[in-house]
Amino acid sequence: RDAYAVLRNPEFRLFVLMRFFLTLGIQIQATVVGWQIYEMTKDPLSLGLIGLTEAVPFMTVILYGGHLADLLNRKRLIVLTLLGYLGGAGLLFLFTLQPGDFLHRYGTFPIYAVVFLTGIVRGLSGPAISSFMPQLVPRSQYANASTWNTTFWQVAAVSGPALGGLIYAVAQRWLPTLVTPAASRTPYNYGTVAAYGIVILLVVMAISCVLFIGAKPAAGNHNQETLRQRLAAGLRFVFKDQVILGALSLDMFAVFFGGAVALLPIFAEKILTVGPGDWHLLQDGTVRLGLLRAAPSVGAALMGLVLAHRPPLYNTGRKLFAYVAGFGLCMILFAVSRNFYLSFGLLVASGALDAMSVVIRGTILQLMVPEDMRGRVLAVNSIFVGSSNEIGSFESGVAARLMGLVPSVVFGGAMTLGVVAAMTRFAPKLRDFELAKVA
């Protein structure tokens, strides 16, 4: 098998570059929003509310987004939703540019409002983007494309948080010497202004990549079914297949309980501090936060390169269970660690293990779902997996408030191990599944 075959496809290269720029911008924005909210509130629950604020509108519109992806021209739909991302980044830029008029008058409400709108845009864009990729490559390259797509996404997810933290720290330090702010009742926050400006540029670059991809036909499912019937058909397809349902459920509960991303600002500021002899940039909490947020994706990107050459075609289900269990164990060890470098390494390992499960799940969906239903099924996938990130963030905030920071993360990791044990028993078809039989 040629590990680099799909990268010779110019339209696939444009597609992964689009996802790269978009993901980079979204990660920078998420990092800075989390830090900005925590600076304003000093409350871990407020960090969890960021996830909930995005998840509610996302889950509300995601099935309709899958319906549109199966009915309309996916390229056009992607461009329209990217313009929505651009509008959200523009609003955050303007709010931060005039803090005396917005953030110090209305508090965190304007930021949460943009996060809410971003959830709507994400719900409409996700199925279109995910179902567009198979239109660009032949079926024989689906597994290869899924691996490289995940790898490029993870590279952006590596760079985004770290870049967001560095932009914030450097701008806060150097821009006051170069720029004189306009008259305002409160001083500029140079870091957030600079970061949101970079996000705007990255989304514009993502839109440009999509525009250079050739026109592709709509999926062609224009039968006389009602919207309700079409959405129900997508749900039935998922729930009647134990392999697909099991893979989605395993990932959903693992991320819901095992993720600690929403609490990283607190770990960066209070738990994982560094000494005076360490690299001077690490003295800045935003830099530590950026590196911690990037750590899982460092592992994921490295693992993506391995999987491109050695795809998990055999004993796939058993490997999937092992990877998710390893992820939960990494979260438990991360919670009890007090060393920044050890914690960084544990997050890298968790990202590598998570990447394996992401590639397996993505390849299963691309190979086992028909073209005219792909948008709706991937929308259901987004409900299971995508929303679990945001709702999991809310769960992390609530658990940290009730149980304390470290016990809440230990509890989440233990719950992940419990989910793996339960799925091993109740999803035997997934446990014995092998990709080689369907690839």
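Residues 24 or more positions apart account for 86% of those contacts in the protein chain that have a separation of 6 or more. The model is a predicted one, and its protein chain holds 16 helices and zero strands. Of the 439 residues of the protein chain, 58% count as buried.

**Helix pairs**

| Pair | Axes come within | Crossing angle | Handedness |
|---|---|---|---|
| α12 (residues 316-336) and α15 (residues 405-426) | 8 Å | roughly 165° | left-handed |
| α1 (residues 10-41) and α2 (residues 44-71) | 9 Å | roughly 140° | right-handed |

The axes of α12 and α15 cross at roughly 165°, which makes α12 roughly antiparallel to α15. On the α12 side the contact is made by Phe321, Val324, Ala325, Phe327, Gly328, Leu329, Met331, Ile332, Ala335 and Val336, while α15 contributes residues including Val406, Val409, Val410, Gly413, Ala414 and Leu417. An α-helix has 3.6 residues a turn, so residues three or four places apart point the same way.

For α1 and α2, the axes cross at roughly 140°, and the two helices are therefore oblique to each other. Their contact is made by Val33, Gly34, Ile37, Tyr38 and Thr41 of α1 together with Ser46, Leu47 and Ile50 of α2.

**Glutamine 27 in α1**

Helix α1 also contains glutamine 27. Is glutamine 27 buried or exposed? Its relative accessibility is 15%, and because buried means under 20%, glutamine 27 counts as buried. When residues up to four places away in sequence are not counted, glutamine 27 touches Ala156, Ala157, Gly160, Pro161 and Arg293.

Helix α3 (residues 74-97) has 24 residues and reaches 35 Å from its first C-alpha to its last, which is close to the 34 Å expected at 1.5 Å a residue. At the start of α3, a side-chain oxygen of asparagine 73 comes to within 3.1 Å of the backbone nitrogen of lysine 75.

Leaving out residues up to four places away in sequence, isoleucine 207 touches Leu82, Leu83 and Leu86. Isoleucine 207 has a relative accessible area of 10% and is therefore buried.

How does the span of helix α13 (residues 340-368) follow from its length, and what distance separates its end C-alpha atoms? At 1.5 Å a residue, its 29 residues should span 42 Å, and the end C-alpha atoms are 42 Å apart, which agrees. Helix α13 is mostly covered, with 22 of its 29 residues buried. The N-terminal end of α13 is capped by asparagine 339, a side-chain oxygen of which lies 2.9 Å from the backbone nitrogen of tyrosine 341.

Proline 296 belongs to helix α11 (residues 285-309). Apart from neighbours within four places in sequence, proline 296 is in contact with Leu347, Val348, Ser350, Gly351 and Ala352. For proline 296 and serine 350, the separation is 54 residues in sequence and 5.9 Å in space, taken from C-alpha to C-alpha.

Definitions and conventions. Residues numbered from 1 in each chain as written. Predicted model: local features only at pLDDT ≥ 70, side-chain atom pairs only at ≥ 80, totals over all residues. Heavy atoms only, no water. Helix = DSSP H or I, 4+ residues; strand = E, 2+ residues; numbered from the N terminus. Expected span 1.5 Å × (residues − 1). Polar contact = N/O pair within 3.5 Å; in protein donor to acceptor, adjacent residues only side chain to side chain. Buried < 20%, exposed > 50% of the residue type's maximum accessible area, 1.4 Å probe, protein only. Contact = heavy atoms within 4.5 Å. Axes fitted to C-alpha atoms, helices over the stretch in contact; angles between N-to-C directions. Parallel < 35°, antiparallel > 145°, perpendicular 65-115°, else oblique. Left-handed = near helix turned anticlockwise from the far one by under 90°.
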